[in-house]
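Morning, everyone. Let me walk you through a few residues one at a time. Please have the viewer open.

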Amino acid sequence: MRLTVLSPEAQPWRNRALHPFGVFRSLASSFLRADPGMAMDLLFRPGRDIFLIGTIQNRGKTIMGYKIVDLSQELYTGVPVWIGHPPTEVTVVATHEQTRTSGRFTENFSYTSEMISMCTHGTTHVDSISHIDPTPGAPSIEKIPLDWFYTEAICLNLTHVPPQTYYTVEMIKAALAKDGLEVKKGDTVLLYSGHYGRTFPTPAYLTDYSGLSLEAAEYLYGAGAVNIGQDAPSHDCALTTSYPAHQVCRRLQRLNTENLGDLSPVAGKRFRFIGFPLKIREGSGSPIRAVAVLEDDEP
Ligand SMILES: [Zn+2]
């Protein structure tokens, strides 16, 4: 089965009269009544916005579907971290052999588990506003509304830009125009530089990345972006010491996401972005599993 999901473009999720659960259930039953060759495999996931995962197939061929793409880096001992952050370590604390022979369990029961030691800004993660805003009461990660992590999104293709460049407003506008994209209020905007694919996990991953200029960050956040993500260790260019893009986040109280993985599957597209943080009390950021949900238009 292919894992797929309805997009907000396909269904007016926020319109109660056309609630996707009801629309899809009636659609499903009419399809199945009309043609015994139709098959559906749906999983309904309730939440603030109910969404659906599944496929509609006609004699084995998917005729309506959406796919989930992983945009995250893997979390493992020694994964590259931003210079200045502590290393990430994943340590096995109980093996199957140890627990099976511990004398605590019967009938051959055993388990294994690990301990993770890492910075809250290690591997793929989102920065809270408190990360860069020292003002008392600046929102920490568990206080930021969840719908900021579950948004419509676009991904700008900036792979032609050389390493260690400050992205200009002109570069951003050209990337938007080239793929016919626009920033809408509430969007997450991902910047696909190709840096992850070119350098990860070599030392160059930590030194050669580009980032937004002050003006370009103002332009994107000013256009409505709530979160901007990069396939690089920082929201800012590797050369900076003043962190203009983070400074704009502080001033406008917006988010940024760092250390994303391969963004090529979403380059130049509009899709749904999901990247929920852990509920870390007074956390300045959190690892996330970043995914895109996009229309599956493959034949
Ligand atoms: Zn961070």
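First, the ground rules. This is a predicted model, so to speak of local features we need pLDDT of at least 70, side-chain atom pairs count only at pLDDT 80 or more, and totals for chains, interfaces and linings use all residues. Residues are numbered from 1 along each chain as its sequence is written.

Start with Cys155. Where is Cys155? In strand 7, which covers residues 150–157. Is Cys155 buried or exposed? Cys155 is buried, because 29 other C-beta atoms lie within 10 Å. The cut-offs: 20 or more other C-beta atoms within 10 Å of its own is buried, 12 or fewer is exposed, in between is partly exposed, and C-beta atoms are placed from the backbone.

Now its partners. Setting aside residues up to four places away in sequence, Cys155 touches Leu190, Tyr192, Leu263, Val266, Ala267, Gly268 and Lys269. Contact means that the two C-beta atoms, placed from the backbone, lie within 7 Å. Take Leu190. It sits 35 residues from Cys155 in sequence, and the C-alpha to C-alpha distance is 4.5 Å.

Next, Thr257. This one is in strand 12, residues 255–258. Thr257 is buried too, with 26 other C-beta atoms within 10 Å. Which residues does Thr257 contact, leaving aside neighbours within four places in sequence? Val126, Asn227, Gly229, Gly275 and Ala290. Thr257 and Ser286 are 29 residues apart in sequence, and 9.7 Å apart from C-alpha to C-alpha.

Now the loops. Asn259 is in the loop between strand 12 and strand 13, the latter being residues 270–274. Its phi is near 60°, a positive value in a residue other than glycine. Asn259 is buried, with 27 other C-beta atoms within 10 Å.

Gln164 also has phi near 60°, again positive and again not a glycine. Gln164 lies in the loop between strand 7 and strand 8, residues 166–167 for strand 8. Buried or partly exposed? Gln164 counts as partly exposed, because it has 14 C-beta neighbours inside 10 Å.

Last stop, a peptide bond. From Phe200 to Pro201 the bond is cis, with omega near 0°. Pro201 is in the loop between helix 4 (195–199) and strand 10 (211–212).

That's my tour. Thanks.

Technical notes:
Helix = DSSP H or I, 4+ residues; strand = E, 2+ residues; numbered from the N terminus.
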